[in-house]
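Here is a briefing on part of a protein model. Look at the sequence and structure first, then read the points below.

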Amino acid sequence: LTESLLGNWQFNTIGTFRTGPPISLGTTNCVGTWGHCGPDVVPGKDPKNAPPGGRRPAEWFDTSAVTFPHVLPNGFGTPGNLGLQALNRPGQRSVDVSLFKAFPITERIAVQFRAEAFNLANTPQWGEPNSQQGNPAFGQITCTQSGTERHVQFALRVSV
(Lines give C-alpha, C1' and ligand atoms only; values in the text may rest on other atoms or scores of the structure.)
Protein backbone atom coordinates (compact mmCIF):
# COMPACT_ATOMS: atom_id res chain seq x y z
CA LEU A 1 0.00 0.00 0.00
CA THR A 2 2.84 2.42 0.84
CA GLU A 3 4.53 1.79 -2.50
CA SER A 4 1.28 2.38 -4.41
CA LEU A 5 0.84 5.77 -2.70
CA LEU A 6 4.43 7.00 -2.40
CA GLY A 7 6.19 5.36 -5.36
CA ASN A 8 6.43 6.20 -9.06
CA TRP A 9 5.76 9.92 -8.92
CA GLN A 10 6.95 11.91 -11.93
CA PHE A 11 8.24 15.47 -11.49
CA ASN A 12 8.86 17.77 -14.45
CA THR A 13 10.07 21.35 -14.72
CA ILE A 14 10.58 23.88 -17.50
CA GLY A 15 12.59 27.05 -16.98
CA THR A 16 12.13 29.91 -19.42
CA PHE A 17 14.73 32.67 -19.42
CA ARG A 18 14.67 35.09 -22.35
CA THR A 19 16.13 38.48 -23.10
CA GLY A 20 13.62 41.10 -24.08
CA PRO A 21 12.93 41.93 -27.72
CA PRO A 22 14.27 45.21 -29.11
CA ILE A 23 12.27 48.44 -28.99
CA SER A 24 12.71 51.79 -30.68
CA LEU A 25 12.32 55.08 -28.87
CA GLY A 26 10.15 57.68 -30.54
CA THR A 27 9.68 61.40 -30.13
CA THR A 28 7.28 64.12 -31.22
CA ASN A 29 7.66 67.12 -33.58
CA CYS A 30 10.22 65.80 -36.03
CA VAL A 31 10.58 65.07 -39.70
CA GLY A 32 10.58 61.28 -39.58
CA THR A 33 12.39 58.78 -41.72
CA TRP A 34 10.10 55.93 -42.80
CA GLY A 35 7.51 57.14 -40.33
CA HIS A 36 9.86 57.02 -37.34
CA CYS A 37 11.09 59.94 -35.28
CA GLY A 38 13.80 59.12 -32.75
CA PRO A 39 15.46 61.25 -30.07
CA ASP A 40 19.05 62.47 -30.02
CA VAL A 41 21.59 60.85 -27.69
CA VAL A 42 23.06 63.22 -25.08
CA PRO A 43 26.85 63.39 -25.65
CA GLY A 44 28.73 61.26 -23.14
CA LYS A 45 25.66 59.19 -22.16
CA ASP A 46 24.33 55.87 -23.41
CA PRO A 47 20.58 55.12 -23.19
CA LYS A 48 21.40 51.39 -23.23
CA ASN A 49 22.94 51.69 -19.77
CA ALA A 50 20.76 51.12 -16.73
CA PRO A 51 19.55 54.29 -15.02
CA PRO A 52 21.00 55.35 -11.66
CA GLY A 53 19.56 52.91 -9.11
CA GLY A 54 19.17 50.10 -11.68
CA ARG A 55 16.34 49.05 -13.98
CA ARG A 56 12.92 49.10 -12.36
CA PRO A 57 9.36 49.67 -13.64
CA ALA A 58 9.47 53.34 -12.60
CA GLU A 59 12.49 53.92 -14.90
CA TRP A 60 13.46 51.10 -17.27
CA PHE A 61 16.09 53.08 -19.17
CA ASP A 62 18.02 56.29 -18.49
CA THR A 63 15.68 58.96 -19.84
CA SER A 64 18.31 61.63 -19.21
CA ALA A 65 20.52 60.01 -21.89
CA VAL A 66 18.24 61.20 -24.71
CA THR A 67 17.00 64.63 -25.70
CA PHE A 68 14.57 66.05 -28.23
CA PRO A 69 16.05 66.29 -31.76
CA HIS A 70 17.51 69.55 -33.01
CA VAL A 71 14.83 71.99 -34.18
CA LEU A 72 14.90 73.04 -37.82
CA PRO A 73 13.88 76.52 -39.06
CA ASN A 74 10.43 75.18 -40.02
CA GLY A 75 9.73 74.26 -36.38
CA PHE A 76 10.15 70.50 -36.81
CA GLY A 77 13.04 68.49 -35.46
CA THR A 78 15.54 66.28 -37.24
CA PRO A 79 14.92 62.51 -37.25
CA GLY A 80 17.26 62.06 -34.25
CA ASN A 81 20.52 60.12 -34.04
CA LEU A 82 19.39 57.21 -31.84
CA GLY A 83 19.03 54.18 -34.10
CA LEU A 84 16.02 51.93 -34.46
CA GLN A 85 15.66 49.10 -31.94
CA ALA A 86 18.44 50.52 -29.81
CA LEU A 87 17.02 49.30 -26.47
CA ASN A 88 15.43 46.12 -25.16
CA ARG A 89 12.21 45.65 -23.27
CA PRO A 90 12.25 43.45 -20.14
CA GLY A 91 13.09 39.80 -20.52
CA GLN A 92 11.08 36.86 -19.26
CA ARG A 93 11.85 34.57 -16.32
CA SER A 94 9.46 31.78 -15.46
CA VAL A 95 9.54 28.27 -13.98
CA ASP A 96 6.74 25.78 -14.64
CA VAL A 97 6.46 22.52 -12.69
CA SER A 98 4.26 19.43 -12.85
CA LEU A 99 3.76 16.38 -10.69
CA PHE A 100 2.14 13.16 -12.02
CA LYS A 101 1.22 9.84 -10.44
CA ALA A 102 -0.58 6.92 -12.08
CA PHE A 103 -2.75 4.63 -9.95
CA PRO A 104 -3.57 1.30 -11.66
CA ILE A 105 -7.16 0.21 -11.06
CA THR A 106 -7.21 -2.93 -13.20
CA GLU A 107 -4.87 -4.34 -15.80
CA ARG A 108 -6.35 -2.03 -18.46
CA ILE A 109 -7.60 0.95 -16.43
CA ALA A 110 -5.50 3.53 -14.59
CA VAL A 111 -6.19 6.91 -13.02
CA GLN A 112 -3.52 9.58 -13.27
CA PHE A 113 -3.37 12.48 -10.83
CA ARG A 114 -1.77 15.65 -12.24
CA ALA A 115 -0.77 18.88 -10.48
CA GLU A 116 0.69 21.67 -12.62
CA ALA A 117 1.89 25.17 -11.78
CA PHE A 118 2.81 27.77 -14.38
CA ASN A 119 5.09 30.66 -13.30
CA LEU A 120 5.44 28.97 -9.91
CA ALA A 121 7.25 31.91 -8.25
CA ASN A 122 4.69 34.38 -9.67
CA THR A 123 7.53 36.47 -11.15
CA PRO A 124 6.14 39.61 -12.81
CA GLN A 125 6.50 39.54 -16.58
CA TRP A 126 6.75 43.27 -17.28
CA GLY A 127 5.14 44.91 -20.29
CA GLU A 128 6.86 47.31 -22.67
CA PRO A 129 8.18 50.59 -21.29
CA ASN A 130 6.65 53.78 -22.64
CA SER A 131 8.96 54.65 -25.50
CA GLN A 132 7.45 57.95 -26.68
CA GLN A 133 9.58 60.92 -25.63
CA GLY A 134 7.30 63.77 -24.56
CA ASN A 135 4.86 61.40 -22.82
CA PRO A 136 4.77 61.92 -19.01
CA ALA A 137 5.31 58.15 -18.55
CA PHE A 138 8.40 58.08 -20.82
CA GLY A 139 10.70 55.24 -19.71
CA GLN A 140 8.15 53.76 -17.30
CA ILE A 141 6.54 50.32 -17.34
CA THR A 142 2.92 50.61 -16.30
CA CYS A 143 1.65 47.06 -16.92
CA THR A 144 2.52 43.39 -16.91
CA GLN A 145 2.00 40.96 -19.76
CA SER A 146 -1.54 39.62 -19.67
CA GLY A 147 -1.95 36.00 -18.59
CA THR A 148 1.53 35.60 -17.11
CA GLU A 149 0.53 35.46 -13.45
CA ARG A 150 0.84 32.14 -11.58
CA HIS A 151 -1.68 29.48 -12.60
CA VAL A 152 -2.19 26.19 -10.75
CA GLN A 153 -4.34 23.34 -12.02
CA PHE A 154 -5.19 19.83 -10.88
CA ALA A 155 -6.58 17.01 -12.96
CA LEU A 156 -7.58 13.36 -12.83
CA ARG A 157 -7.19 11.40 -16.04
CA VAL A 158 -8.70 7.98 -16.63
CA SER A 159 -6.82 5.79 -19.13
CA VAL A 160 -8.55 2.78 -20.64
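Val97 stands opposite Ala117 in β7. The model is predicted: local features need pLDDT of at least 70, side-chain atom pairs count only at pLDDT 80 or more, and totals for chains, interfaces and linings use all residues. Residues are numbered from 1 along each chain as its sequence is written, and side-chain values use heavy atoms, with hydrogens and water left out.

**Strand pairs**

- Strand β6 covers residues 92-104, and strand β7 covers residues 110-118.
- These two strands pair in the antiparallel sense, over 8 bridges.
- Strands here are DSSP runs (E, at least two residues), numbered from the N terminus.
- Two strands count as paired if DSSP finds at least two bridges between them.
- β6 and β7 form a hairpin, with 5 residues between them.
- β7 also runs antiparallel to strand β8 (residues 151-159), and 9 bridges join them.
- Across that pairing, Phe113 stands opposite Leu156 in β8.
- Val111 stands opposite Val158 in β8.

**The sheet**

- An open sheet of 4 strands has the order β1-β6-β7-β8, and its pairing is antiparallel.
- β1 (9-18) and β8 stand at the edges; each has a single partner strand, so one side of each lacks a neighbour in the sheet.
- From one strand to the next, the twist averages 15 degrees.
- For such angles, axes are lines fitted to C-alpha atoms, and values run from 0 to 180 degrees between N-to-C directions.

**A buried residue: Ser98**

- Ser98 is found in strand β6.
- Ser98 has a relative accessible area of 11%, so it counts as buried.
- Buried means under 20% relative accessible area, exposed over 50%, and partly exposed in between (1.4 Å probe, protein chains only).
- Ser98 touches Gln10, Phe11, Asn12, Ala115 and Glu116, leaving aside residues up to four places away in sequence.
- Contact means heavy atoms within 4.5 Å.

**An exposed residue: Val158**

- Val158 lies in strand β8.
- Val158 counts as exposed because its relative accessibility is 56%.
- Together with Ile105, Ile109 and Val160, Val158 makes a nonpolar surface patch of about 400 Å².
- Patch residues have over 30% relative accessible area and no salt bridge; nonpolar side chains (Val, Leu, Ile, Met, Phe, Trp, Tyr) are joined within 5 Å, like charges within 9 Å.
- A salt bridge is a side-chain nitrogen of Lys or Arg within 4 Å of a carboxyl oxygen of Asp or Glu.

Technical notes:
Areas by Shrake-Rupley, 256 points an atom, 1.4 Å probe, with all protein chains shown as cover.
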